[in-house]
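This briefing covers helix geometry, helix packing and the setting of selected residues. The sequence and structure come first, and the notes follow by topic.

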Amino acid sequence: MDLYNLMSGITFVGGGIYAFLAGTGRIEIKPGDPEGAKKWRDKYGRFMAWAGPVIALSGVLHFFGIL
């Protein structure tokens with residue numbers, strides 16, 4: 001395992017988890033603007049709800065050097 005696979009894996013897993021949580025509404029994208037956060041979630045939430053786990057899975061594969 002080299003440093004690139006380690007760092008990219010951690011980054012992808014973190015980003016995937018964040019995308020999933022933001023897409024499902026468990027964390028707010030714009031804490032000071034709840035109406036803007038709702039608009040964002042209406043526009044991108046469905047995509048982020050399935051893309052987040054895919055990004056995290058690719059991060060796990062990077063972590064182990066498979067991708």
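Helix α2 has 30 residues, yet its end C-alpha atoms are only 35 Å apart. A straight helix would reach 44 Å at 1.5 Å a residue, and α2 falls short of that. The model is a predicted one, and every value below is computed from it.

**Shape of α2**
- α2 covers residues 34-63.
- Where does α2 bend, and by about how much? The bend is at Y44 and amounts to about 65°.

**Packing of α1 against α2**
- Helix α1, residues 3-24, packs on α2 with the two axes 6 Å apart.
- The angle between α1 and α2 is about 155°; angles over 145 degrees count as roughly antiparallel, and the two helices are therefore roughly antiparallel to each other.
- The crossing in which α1 passes α2 is left-handed.
- Sorted by class, the α1 contact with α2 contains 15 nonpolar residues, 11 polar residues and 1 charged residue.

**Buried positions**
- Residues of α2 that are buried include the glycines G36, G45, G52 and G59.
- G16 lies in helix α1. Its relative accessibility is 0%, so G16 counts as buried.

**Partly exposed positions**
- F63 belongs to helix α2. With a relative accessible area of 27%, F63 is partly exposed, because that class lies between the limits of under 20% for buried and over 50% for exposed.
- K30 sits in the loop between α1 and α2. Its relative accessible area is 41%, so K30 is partly exposed.

**Separations in sequence and in space**
- F63 and V13 are 50 residues apart in sequence, and their C-alpha atoms are 9.1 Å apart.
- K30 and W40 are 10 residues apart along the chain, with a C-alpha separation of 9.0 Å.
- G52 and I29 are 23 residues apart in sequence and 15 Å apart in space, C-alpha to C-alpha.

Terms used: Residues are numbered from 1 along each chain as its sequence is written. This is a predicted model: local features need pLDDT of at least 70, side-chain atom pairs count only at pLDDT 80 or more; totals for chains, interfaces and linings use all residues. Side-chain values use heavy atoms; hydrogens and water are left out. Axes are lines fitted to C-alpha atoms, for helices over the stretch in contact, and angles run from 0 to 180 degrees between N-to-C directions. Helices (H or I, at least four residues) and strands (E, at least two) are DSSP runs, numbered from the N terminus. Angles under 35 degrees count as roughly parallel, over 145 as roughly antiparallel, 65 to 115 as roughly perpendicular and the rest as oblique. A crossing is left-handed if the near helix is turned anticlockwise from the far one by less than a right angle, and right-handed if clockwise. Ala, Val, Leu, Ile, Met, Phe, Trp, Tyr, Cys and Pro count as nonpolar, Asp, Glu, Lys and Arg as charged, and the others, Gly among them, as polar. The expected span of a helix is 1.5 Å times one less than its number of residues. The bend at a residue is the angle between axes fitted to the seven residues ending there and the seven starting there. Buried means under 20% relative accessible area, exposed over 50%, partly exposed in between (1.4 Å probe, protein chains only).
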